[in-house]
Amino acid sequence: MKNLPDLKSGTNCRVTWVVGEYAQALKNMFDLDVDTKLHILNSDPGGNVIVCYGGHELAISYDVARQVKVEL
């Protein structure tokens, strides 16, 4: 399991765990939850992570993204 911001641009992954205070907001507002398949469009070290999933694109701040655990 890796933190979302640790992945490089162009990587495909699957959400395995979402922790912290933003877990419910990611699920309710953006339909991002366990088993969601993501494609990393852009990942800046220490910066935002932009992901594509289910026809949506979402920019996630570094602080929130590190609470999303994924597997390749």
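**Exposure and salt bridges in a predicted model**

Student: Why is E71 called partly exposed?

Tutor: E71 has a relative accessible area of 34%. Buried needs under 20%, and exposed needs over 50%. The value 34% falls in between, so E71 is partly exposed. Keep in mind that this is a predicted model.

Student: What makes R14 and E71 a salt bridge?

Tutor: Check the distance. Their side chains meet at 2.3 Å, N to O. The cut-off is within 4 Å, between a side-chain nitrogen of Lys or Arg and a carboxyl oxygen of Asp or Glu. The pair passes, so it counts as a salt bridge. R14 sits in strand β2 and E71 in strand β6 (residues 68-71), and the two are 57 residues apart. The pair therefore links distant parts of the chain.

Student: How do you know that R14 is partly exposed?

Tutor: Its relative accessibility is 26%.

Student: Is D35 buried, partly exposed or exposed, and how do you know?

Tutor: D35 has 48% relative accessibility. Exposed needs over 50%, so D35 counts as partly exposed. Its backbone deserves a look too. Phi of D35 is near 75 degrees, a positive value in a residue other than glycine.

Student: Why is D31 called exposed?

Tutor: D31 has 59% relative accessibility. The cut-off is over 50%, so D31 counts as exposed. D31 is in the loop between α1 (23-30) and β3 (37-43). Phi of D31 is near 55 degrees, again a positive value in a residue other than glycine.

Student: How do you know that K27 forms a salt bridge with D33?

Tutor: The closest N and O atoms of K27 and D33 are 3.7 Å apart. That is within 4 Å, so the pair counts. Salt bridges that share partners also join R14, D35 and E71 into one network.

Student: Why are K27 and D33 called partly exposed?

Tutor: K27 has a relative accessible area of 40%, and D33 has 27%. Both values lie between the 20% and 50% cut-offs, so both residues are partly exposed.

Student: How many salt bridges does the rule give?

Tutor: The count comes to 3.

Methods. Residues numbered from 1 in each chain as written. Predicted model: local features only at pLDDT ≥ 70, side-chain atom pairs only at ≥ 80, totals over all residues. Heavy atoms only, no water. Helix = DSSP H or I, 4+ residues; strand = E, 2+ residues; numbered from the N terminus. Buried < 20%, exposed > 50% of the residue type's maximum accessible area, 1.4 Å probe, protein only.
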